[in-house]
Amino acid sequence: MKPATLKLGTLAAALCAAALSLSPAHAADSIKVGFLSTLSGPGGALGIDIRDGFQLALKHAGGKLGGLDTEVIVVDDQQKADVGRQATDRLIKRDHVDVMTGMVFSNVLLPLMPSILSSDTVYISTNTGPEDYAGKNCNKNFFVVSWQNEDIPAAMGKYVSEQQHKSVFLIAPNYPGGRESIGGFKRLYKGKIADEVYVKLGQLDYSAELAQARASGADSVFFFLPGGMGISFIKQLEGSGLAKNMKIYMPGFSGDQDTIKAVGEPMLGTFNSSQWSPDLDNPQNQKFVADFEKEYGRIPTLYASQGYDAAMLLDSAVRDVKGNIEDKDAFRQALKAANFKSVRGDFKFNTNQYPIQDYYLREVVKDGQGRITNKKVSTILEDYHDPFAAECKMGQS
């Protein structure tokens, strides 16, 4: 597949970047970003939101990261590791990108990381934060601007524990992100689990699983089913009548605006956990949400907020090294400093280069304009450190 190329800045800057890309090395008056993401299929909406958030941040930065002429090469991985592997090879060996970012799903990201990191290319994760690189295998070139996979579900596990349910039914896809999400929920959940079910990634028919949920006797359900999976599950849960007897809980990535738009009214009154909400009261977030709606005609999701923050992190790091991104040690230190204002509020990197941040409870409500969206209810976890960081020995002698 031929990658789509997004060039920002003046025509002269674009021509300069194109000429420089013919050489294996290019001067530090430009930066090239390989943006590999899922832009089609059932999970395509997630990658599109990340891309659009990243693009909006670039626009806010004047089309240049840290003042450098910027070229972003956008490629669709189609949620397939083999497609992503071929694209990664082109981006690193042919296009000589300085940084890679954008992947949505851990089953795509994990097979590609060894070749990316061994090439000494910095990767900034805009979504998945796998356990693999959070602990003893942490890597100087791997930064996560979103969350560790267990963190958001863990926040919901803590909240659900406090609701005094009889038992909870758990369901997620059988891939690393799904298994880690359920693991995170169980880490802080102290109640009874009625059943724990794993389904094929991409599954859209849940008749058998809903029959299991009914037979389990659970009075609540926690699910992580990304993209179209979650949309189908909620619609079928509602259609089965189970929603009348089961309280519905989910991580923010299953209860965000993409799902709300597709499901509509049945989402009202459901709860999810997230590190971000569209109504967070800080200047950066207010500008981001207003300008995203103006630019794209929709309320942003947490995915869009993560794409936005990834670009702003890059902008700050390039600026802090005065454009000298060829000094990779200095560039990595500047990234780790996270000298930018996040739309989520307070943000810093832990020793494993995963975030330390707050996690919120959100409820799906109608806003003042009658639109169905998320509203922050409370803070569940403050200044939360993921449970694997202690195993990371990066930077220790």
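A residue counts as buried when its relative accessible area is under 20%, as exposed when that area is over 50%, and as partly exposed in between (1.4 Å probe, protein chains only). The model shown is predicted, so local features need pLDDT of at least 70 and side-chain atom pairs count only at pLDDT 80 or more, whereas totals for chains, interfaces and linings use all residues. Residues are numbered from 1 along each chain as its sequence is written, and side-chain values use heavy atoms, with hydrogens and water left out.

**View 1. Thr126 is a buried loop residue.** The relative accessible area of Thr126 is 0%, so this residue counts as buried. Thr126 belongs to the loop between strand E6 (122-125) and strand E7 (142-144); helices (H or I, at least four residues) and strands (E, at least two) are DSSP runs, numbered from the N terminus. Contact means heavy atoms within 4.5 Å. When neighbours within four places in sequence are left aside, the residues in contact with Thr126 include Ile50, Thr101, Gly102 and Met103. Also among them are Val145, Ser146, Gln306, Gly307 and Ala310.

**View 2. Lys32 lies in strand E2.** Strand E2 covers residues 30-37 and contains Lys32. Lys32 counts as buried because its relative accessibility is 4%. Its C-alpha atom is separated by 8.8 Å from that of Met100, a residue 68 residues apart from Lys32 along the chain.

View 3. The domain bounds come from an automatic or database domain assignment, which gives domain 1 (30-147 + 279-349) and domain 2 (151-274). Taken over C-alpha atoms, the centres of the two domains are 28 Å apart. In domain 1, 17 residues are in contact with 16 residues of domain 2. The size of an interface is often given as the accessible area lost when the parts come together. Buried area is accordingly the accessible area (1.4 Å probe) that two parts lose on being put together, summed over both. For domain 1 and domain 2 this area is about 1,300 Å², with 65% of it on carbon and sulfur atoms.

View 4. Helix H4 (106-118) and helix H11 (302-320) are the elements that give two or more residues to the side of domain 1 that touches domain 2. H4 gives the most, with 3 residues. By class, this side has 10 nonpolar, 5 polar and 2 charged residues. Here Ala, Val, Leu, Ile, Met, Phe, Trp, Tyr, Cys and Pro count as nonpolar, Asp, Glu, Lys and Arg as charged, and the others, Gly among them, as polar.

View 5. Side chains of opposite charge can pair when their charged atoms come close. A salt bridge is a side-chain nitrogen of Lys or Arg within 4 Å of a carboxyl oxygen of Asp or Glu, and the whole structure holds 20 of them. In the salt bridge of Asp49 with Arg298, the closest N and O atoms are 2.6 Å apart. Asp49 is in helix H2 (residues 44-60) and Arg298 in the loop between helix H10 (283-296) and H11, so the pair ties together parts 249 residues apart in sequence. Asp49 is buried, at 5% relative accessible area, whereas Arg298 is partly exposed, at 25%. A network of salt bridges links Asp49, Arg51, Asp52 and Arg298.

**View 6. The side chains of Arg362 and Asp256 meet in a salt bridge, with 3.6 Å from N to O. Arg362 lies in strand E14 (residues 355-366) and Asp256 in the loop between strand E11 (247-251) and helix H9 (257-263), so that distant parts of the chain, 106 residues apart, are linked. Asp329 and Arg332 pair within helix H12.** The closest N and O atoms of this salt bridge are 2.6 Å apart. Both residues lie in helix H12 (residues 328-337), 3 residues apart, about one turn of the helix. Asp329 is exposed, at 52% relative accessible area, whereas Arg332 is buried, at 7%.
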